[in-house]
Amino acid sequence: MTAPAPGSEPKPERVETRIAVARDGTVLAFSGKVEYGQGIRTGFARIVAEELHVSIDRVRVELGDTDTAPWDMGTFGSMSTAVDGAALRKAAIFAHALLLERASERLGVETAQLHSEHGIVCAADGRRVTFTELTQKNALTGEVTALPGGRGVRGPATDVTLRLEALEIVTGARRYPADVRLPGLVYGAVLHGPRIDARPESIQENSARAMPGVLAVVRDGDFCGVVAERQEQALAAIAAMHAAWRAPQQAAGAPTDLTLYARDGVDRALAGAARVHEAAYHVPHIAHAAMCPSVAVADVRDVAADLYVATQRPFGLRDEVAQALGMAIESVHIHPQAMGGMFGRGGMNDAPLEAARLSRVVGRPVRVQWTREEEFRLSPARPIVDVTIRAGLDASGRIVAWRSSSRTNPFTYGGAGDSRVLAMTSGRNAVAAYSVEAMEVMLHVQPAAIRTGAFRSLAAAPNIFAIESFMDELAAQCGQDPISFRLRHLDDPRLARVLELVHRRSRWGERERDGRALGVACAVYHGTYVAQIAEIRVPSPGSVRFERAWCAVDAGRLVHPDGARNQIEGGIQHAASCAMFEELTIADGGVATATLRDYPIAATVDAPAEIDVAFVDDPAIASTGIGEPGFVPTAAALANAIFAATGKRLRDLPLSI
Amino acid sequence: MRALVSITVNGSVRDLDVPEEASLLSVLREDLDLTGTRFGCGQGICGACYVLVDGEAHPACRLRVEDVAGKDVATIEGLARDGELHPVQRAFLEEDAMQCGYCTSGMIVSAVALLRASPNPGDEEIRAALAPHLCRCGIYLRAVRAVRRAAGRTA
C-alpha cells in the first residue's frame, strides 16, 4: 500500500482493500482517513450499511491504520465524505453485486431473483446463504467497477443515528493516545528551545540523570530528551537542564509572487469608475489551541516500530518515522487512536517522532506528552493574512473593476511548494466568487518569523473575511442592501439560493424595524455553498455579544444530516472565537503566548443562543465537504453585523470595538 | 517524598503510595487507570480534568491526593449505575453534544454537580456551570441543550 506515483491517474481500487466479511458476519470497511470528531466513521458506516443492506451495527469501520487501510494522503480539506465516502460507496455496491453473484452460483438461481437483508442472501423459494458462508473460503476480491443502482443514503429529516463513538465518549472509555497502556510504558520529555527549530549551543544536564525516576537522558545531535518512570519526573528532569539556544542560521526561504487571476482592463475600469473604494484587512497569527495537546506513544524494537498516535497523516508519519529511524517502511506501523480536534495541527507529527526517537534508544514503549505551554510555543501557527482590495463602481452601483492583493505565509508543512500548491493553499478563496469584468488577484507568500502551517480552511477564512467585509463596504458606498448587492454580482444559482435561504430564515428584511444588527457573508468552498448571517448586540460600550446565527449550506447530498449540522454549528462557534478573541503574541522571533489565560478562547458564555442551519440537501448532487465550510464566512458576518450595530468598520482581527 | 493515603474513588477505597507532588489527575490516570479524566492544560483553566469531590466539581490537576483524603471522589467512570447511564450522559448522547469528545468528561461532571445542587437551572445558570470547560470543536449549544434535557428528566 504505497503512495501513487506523482501525476499518475488514480488506479482502480480492489474491493479487498475496502470491504471484507469477518467470520462472525461483521462487515469490515477500510479507509485511510481518520476520525477526530467530524463524524466520518459514522458516515462511512452508514454508506456501507446502506449499500450492503445490513444494519449499521453490523459494520465496523477501520480507519487510518497503516497495516490495514488503503494508502491515503491525509485527512484534511473536507474531502473525506466527498472522496473516500464515494470510493467506499462504489466498493460496497460492487461487493454486494459480487456477493449476489456468488450466491447465484451457490443456489443455482439468477441474481435478479435474489435479494439480501441483514447479511443473508435469499431466494424466492426460501433458500438462503449468508455473507459469511459466501466468503469463508475465499475473501471478496476483484477490481472495483462502477455499477448502476445502489440505494444511496437518503437522510430523512429526522435522522437519529448516533455517532458510533458516542457511548465511549460519554462514559470516558474512549482511548486517546495518552490513554494507551503497554507493558513497560515509560514517559518521555524533550528539551525544547524557544522555537521548534532552535539549536542548542550547549546543554548542561546538571542533575537530570540522577533525579528520581529518571531512566535515561537521550542525546543525539541537537536532540535531547529524558525518559522517566512518571510524567512529572520527566518534566522535572527537563526543567533541571539548561541550554543556550541559537536561532536557525538562514532565513526560512524566499518569497513567491503569483497572479491568481487576471482579466485585462483593471486600470482603465478604475480610471473610468464613478466611485473607487479601497480597504486593507489584517488577520494575525492564531493558535490551533485544541483541547488535547500533542501526545504520542511509540514502541520501537529492532524489527518493528508501532506508534499509537493522533495524526492527520498516518501514511506520511509512517514514512517520516521510517526515515528518522533508518527502518524499512514495512517495519513501521501507525495505529491512529481516538484524537482530539485537529483543525490542521495534526499534519505536523512532532510528538510521534520524538516518542519514536526516545523509544528507540531506551528499548521500551515511550509516551511523549507536550505541556500546554510547549503546545503554544512550538506548534505551527495560522499564517498572517493581509489583504488589500481596490474596486471601482459605476453610477448604478455595479462593480466594474477589482484589484486585490493577498500577502501571507505558507499554509503547508515543509515549505511553500510549487505555485499550483500555493494557489490552492495560501491563495484559497482569494479570488472572489463575484462577476466583475476587470479583475486581478495577486498573491504574495513569504515565510513568517515563526513556523506556520495548515489551519481549518487554510487561507479561505481570512480571505473571505476581507472579501465579504469589502462587499459590505461597497454596498454601503452606494446605498444598497448587502444581500441585494451580492445577488446583483452573482452568476451562480447555488450561491444565490443559499443567500436567499438565510435572507428568509433570518427575516433579514425586517431587521431595521426590529432593531436587530445583522451581518451577512457567503462563500463557495471546495464546491460547498455557504451563506451566513450573524446577529450581534452591544450590551455596553466596548462589548459585543454574538447573539444568533443563521447558516444555509448546499453540500449536495447529505450522508449524516445531524452530523453535518454539528459540523456547521461547530465551525461557526470555532470561527467566532478566532475572530473575536484570538491573537498570538510574537516576540524575539518566537511565540510568547504561554497559557490559555494569555489566549482566551470562547467559552459557553460567549456562544450564541441559537444557530439555525438549513441544508439544501439535493440528493442529485454528489456530496461535497462539510468539515470546513461553516468556519469560512463567520468573521465577515460578525464584522458586518458590528458595522450595522455601531457604524464602526473593523478591518483587523480580532474584532474589538 | 511519598504520600501514603487512602482515597475513595467511585465508591471504592484505594490505598495509594504515590509521589506527594503528583496531582490527583496524574494519580487517577496513571496509578488507577481511570483515563476518562483528561489532561488539557494542567493549570485548571481548560476544564478537561474535572472530577466530583463530595459532589462538587473541581479540576483534578489542581488537587493532590492528600487534598481528597477522606472525601468521595467521583470520576466520569463512576457516573453510570448498574449499567445505566446517568441522565446527563444519556442527554449528551441524545443531543450529540460532542465531536472529538475530549472535553466531554469534564462537561458531564460539572453538569452532574449542577443538577444535584440546582435541579431546575435556567440557561444562564447552565452556561455558567459549563463555562470552565473549553471546547474547540464548538458544541456549546448542544451541551446547554443536553443539560436542559437532563434537567427535564431528573427534576
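The model is predicted, with local features requiring pLDDT of at least 70 and side-chain atom pairs pLDDT 80 or more, while totals for chains, interfaces and linings use all residues. Residues are numbered from 1 along each chain as its sequence is written, chains are lettered from A in the order in which they are written, and side-chain values use heavy atoms, without hydrogens and water.

Contact (heavy atoms within 4.5 Å) joins 61 residues of chain A to 46 residues of chain B. The two chains bury about 4500 Å² between them, 53% of it on carbon and sulfur atoms, where buried area is the accessible area (1.4 Å probe) lost on putting two parts together, summed over both. On the chain A side, Val170(A), Met291(A) and Thr604(A) lose the most area to chain B, together 16% of what that side buries.

Eleven salt bridges (a side-chain nitrogen of Lys or Arg within 4 Å of a carboxyl oxygen of Asp or Glu) are found across this interface; one salt bridge joins Arg136(B) to Glu582(A) at 2.7 Å, N to O.

| Pair | Centre distance | Plane angle |
|---|---|---|
| Tyr281(A) and Phe465(A) | 5.8 Å | 85° |
| Trp402(A) and Phe470(A) | 5.6 Å | 85° |

Tyr281(A) is buried (under 20% relative accessible area, with exposed over 50% and partly exposed in between, 1.4 Å probe, protein chains only) at 2% relative accessibility, and Phe465(A) is buried at 0%. Trp402(A) and Phe470(A) are both buried as well.

Note on methods. Phe/Tyr/Trp six-rings, centres within 6.5 Å; stacked < 30°, edge-to-face > 60°.
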